[in-house]
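Subject: Structure for you to look at

Hello,

Here is the structure I promised to pass on. Please open it, keep it beside this email, and follow along.

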Amino acid sequence: MAIAAVGAVALLTATPTLAAPGDASARGVVVDLSAEVVGIPVITADVVIGSATAPADGGTDTETALAITIPGALGVTASGTVVEVSATRGETASSANAEIADLSLAVLGTPVVDAEVITAAVSCPQVGAQTADTTFTGLELFGEPVDLLPNTPGVTASAAVTVPGLVGAALQATLTNVETTTDDGATAIAVQATLRLIGSIVGGPLIDIPVGTVILAEAVCERPLGPTSSPTQPTAPPTDGPTQPPTEGPTQPPTGDPTQPPTAAPTLPVTGGDSSGLWWLLGTGAAMVVTGAAARLILRRSRASLEA
């Protein structure tokens, strides 16, 4: 058995597609393995143990205490417990987490991955940084302790296996760890194992058969848009027309004798646009007032002369 860090291994992130803000999901164990040699199946296993999807209308979906078994599998065995998978959607944040305990995965009778505890958790607040975290305790690949660094090519190892029809057969496994965040979401995969079967057909060339992947503890979330409410319409300021200055006609000069008290003149209708008749009437009235005053004065003086 050989263990090496491989620089040319692509990081696979076979995660559920999340289409809407606020989505969240978690999975415990995902096994998707299949291989044939000269047309004969030698490895078959397809199972998801522990799956949670945040409800579309908000809330939490959770599964707990699930036994890790693979009924009907060929050449693959597994044991352990999916302690919890949980996914939550809220108005201001979404989140998800997965935890596995006492895991043991064997392929073609060879222990491949063992671990005491494996966890993955993500948090996607509407405001603030998105986060992705993973942990593993007692992680082993083909019986040897390994330490995975996030978002690196990972660790690759191989072990000899017995496969009918295949000479010098070896099972190769690459373990990777994923912790990624963007402005809109986060993904955490504690352990992802990519398996290959290598050997030679009797009398033939060396062959490399892709076997598939195993995901251990996965959590994904998308940042929600925040509380939905009807936008408040701004109140339009009152629209006032421009203030017009008061329009006044020209000031007419006063008429009549300034020494006499003002005499209220009757309101006379004015016809047409010519005001000369009005001025004539006003002038005649003023002359009559002056004449009457002079006559009274003469009369008083005559009486005074007679009495004397």
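Two strands pair if DSSP finds at least two bridges between them. Keep that cut-off in mind for what follows. Strand β12 (residues 166–181) and β13 clear it with 13 bridges, and they pair in the antiparallel sense. Please also remember that this is a predicted model.

**The whole chain**

The protein chain has 308 residues, and 33% of them count as buried. One helix and 14 strands make up its list of elements. The accessible surface comes to about 17700 Å². Carbon and sulfur atoms hold 58% of that surface.

Now take the contacts between residues at least 6 apart in sequence. Of these, 63% join residues at least 24 apart.

**Around β13**

Start with strand β13, which covers residues 185–201. This strand is mostly covered, with 13 of its 17 residues buried.

Look at the β12 side. A hairpin of three residues joins β12 to β13. Find Gln-172, then look across to β13: its bridge partner there is Arg-196.

Now turn to β14. Strands β13 and β14 run antiparallel, joined by 15 bridges. These two also form a hairpin, with four residues between them. Gly-203 sits in that turn and has a positive phi of about 80°.

**The disulfide**

Cys-221 comes up again here. How many disulfides does the structure hold? It holds one. Cys-124 and Cys-221 form this disulfide, and their sulfur atoms are 1.9 Å apart. Which parts of the chain does the pair link? Distant ones: Cys-124 is in strand β7 (residues 110–125), Cys-221 is in strand β14 (residues 206–222), and the two are 97 residues apart. The link of Cys-124 and Cys-221 is right-handed, with 80° about the S-S bond. Are the two cysteines buried or exposed? Cys-124 is buried, and Cys-221 is buried too.

**Around β7**

Follow Cys-124 back into its strand, β7. Begin with β6 (residues 93–107). Strands β6 and β7 pair in the antiparallel sense over 14 bridges. Their hairpin has two residues between the strands, and Leu-108 takes a positive phi near 55° there.

Next comes β8 (residues 131–137). Seven bridges join β7 to β8, and the two run antiparallel. This hairpin has five residues between its strands. Gly-128 in the turn has a positive phi of about 115°.

Ala-121 in β7 is the bridge partner of Asn-97. In β8, the bridge partner of Ala-121 is Asp-133.

Strand β9 pairs with β7 as well, in the antiparallel sense, over two bridges. Here Val-113 stands opposite Leu-141 in β9.

**Two buried residues**

Where is Phe-142? Look in the loop between β9 (140–141) and β10 (144–145). Why does Phe-142 count as buried? Its relative accessibility is 9%, and buried means under 20%. Leu-105 is 37 residues from Phe-142 along the chain, yet their C-alpha atoms are separated by 9.8 Å.

The other residue is Arg-27, in strand β2 (residues 24–37). Arg-27 counts as buried because its relative accessibility is 15%. What does its side chain contact? The side chain of Arg-27 makes a polar contact with the side chain of Glu-218, at 2.7 Å.

**Where to be careful**

The mean pLDDT of the protein chain is 81. Residues at 70 or more make up 67% of the chain. Over residues 4–16, pLDDT stays under 50. The model has 33 contacts beyond four places in sequence for that stretch. Residues 258–273 also have a pLDDT below 50. In the model, this second stretch has four contacts beyond near neighbours in sequence.

**To try on screen**

- Trace the disulfide from Cys-124 to Cys-221.
- Find Gly-203 in the turn between β13 and β14.
- Show the side chains of Arg-27 and Glu-218 together.

Best wishes

Technical notes:
Residues are numbered from 1 along each chain as its sequence is written. Side-chain values use heavy atoms; hydrogens and water are left out. A disulfide is a pair of cysteine sulfur atoms within 2.5 Å. Buried means under 20% relative accessible area, exposed over 50%, partly exposed in between (1.4 Å probe, protein chains only). A polar contact is a pair of N or O atoms within 3.5 Å; within protein, one must be able to donate a hydrogen and the other to accept it, and residues adjacent in sequence count only if both atoms are side-chain atoms. pLDDT is the predictor's confidence in each residue, from 0 to 100. Contact means heavy atoms within 4.5 Å. Accessible areas come from the Shrake-Rupley method with a 1.4 Å probe; for residues, only the protein chains shown count as cover.
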